[in-house]
Amino acid sequence: MTETIARPPRFTGYVPLTDLSPADRNPKRHELELMIASIDMHGLVEIPVVDERTQKTLHGHGRRESLIEMQSRGMSAPSGIVIDEDGGWLVPVLRGWSSKNDAEAEALAIKLNRLPGEGGWDPRELAEVLEDLATGDAELFDSLAIPHDEIDNLLRQVDPETLPGGGRENETPLLHLPDDEDRGDGLSPDDEGRAAHTTCPACGHLFTSGR
């Protein structure tokens, strides 16, 4: 039996983009062009959060700025946006949370930006996903806009020949972590005889953002 909550503690509401006010202070900076490209490609997926106490944006300033810029450029409204009768953009926002004071609001805003990235990435699984994207959908791979040095750092930690399709995929994969002894060529001591990993031997793809 499904129980209906008369007044859910968290809910999605649509508000005019022009009414979505920024916080008084927001130290987070954004790569707007990358965000605009992502929203244009996938639609608005992660929605802004509004603080009920202040009625201002708590999280999602980059998405707010990106939507404002997209509208000013005359771009089509991305999926997830509703157009009102006057042609204005209505943005879905998460409602229902209220801060106790400005200090709590600013602390949570920082946490919402910092904590998701604190766990880092699993190098092997990320390499597998990037390999699949690079060989299966070049446009999606390019849209990740991962800098060349990040790709190099990742591939120094993972032997790509042990990835699916590689020559030694059945071997137990070993991670060559950044704190391994650096010999000056990006290889750890147990990499003897192998070249620095910047190209996947399974497909020959060169992992670089500058395709």
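## Crossing of H4 and H6

In this predicted model, helix H4 passes helix H6 in a left-handed crossing (the near helix is turned anticlockwise from the far one by less than a right angle). The two elements span residues 123-136 for H4 and residues 148-157 for H6, where helices are DSSP runs of H or I with at least four residues and strands are runs of E with at least two, numbered from the N terminus. Their axes come within 9 Å and cross at roughly 120 degrees (lines fitted to C-alpha atoms over the stretch in contact, with angles from 0 to 180 degrees between N-to-C directions). H4 is therefore oblique to H6, since angles under 35 degrees count as roughly parallel, over 145 as roughly antiparallel, 65 to 115 as roughly perpendicular and the rest as oblique.

On the H4 side the contact (heavy atoms within 4.5 Å) is made by Pro123, Leu126, Ala127 and Leu130, and on the H6 side by Ile151, Leu154 and Gln157. By class, this contact of H4 with H6 holds 6 nonpolar residues, 1 polar residue and no charged ones (Ala, Val, Leu, Ile, Met, Phe, Trp, Tyr, Cys and Pro count as nonpolar, Asp, Glu, Lys and Arg as charged, the others, Gly among them, as polar).

## Crossing of H1 and H2

The axes of H1 and H2 also come within 9 Å, and they cross at roughly 75 degrees, which means that H1 is roughly perpendicular to H2. H1 contributes Leu32, Met35, Ile36, Ile39 and Asp40 to the contact, while H2 contributes Gly62, Arg63, Glu65, Ser66, Leu67, Glu69 and Met70. Sorted by class, the contact of H1 with H2 comprises 6 nonpolar, 2 polar and 4 charged residues.

## The largest pocket

Of its 41 lining residues, Leu34, Met35, Ser38, Trp121 and Leu144 are the closest to the centre.

Two or more lining residues come from each of helix H1 (32-42), strand S3 (56-59), helix H2 (61-72), helix H3 (102-118), H4 and H6, and H1 gives the most, with 7 residues. The lining divides into 22 nonpolar, 13 polar and 6 charged residues.

## The second largest pocket

About 330 Å³ of space lies in the second largest pocket, whose 18 lining residues include Ala23, Asp24, Arg25, Ala105 and Glu106 as those nearest its centre. S3 and H3 are the elements that give two or more residues to this lining, with H3 giving the most, 6 residues. By class, the lining has 6 nonpolar, 5 polar and 7 charged residues.

## Surroundings of threonine 12

Threonine 12 has its place in strand S1 (residues 11-16). Neighbours within four places in sequence aside, threonine 12 is in contact with Ile47, Pro92 and Val93.

## Basis of the values

Residues are numbered from 1 along each chain as its sequence is written, and side-chain values use heavy atoms, with hydrogens and water left out. In this predicted model, local features need pLDDT of at least 70 and side-chain atom pairs count only at pLDDT 80 or more, whereas totals for chains, interfaces and linings use all residues.

Notes: 1 Å grid on protein atoms, 1.4 Å probe; cavity = no way out; pocket = protein on both sides within 12 Å on 5 of 7 lines; lining within 4 Å. Points joined across faces, edges and corners; volume = space filled by probe spheres on them.
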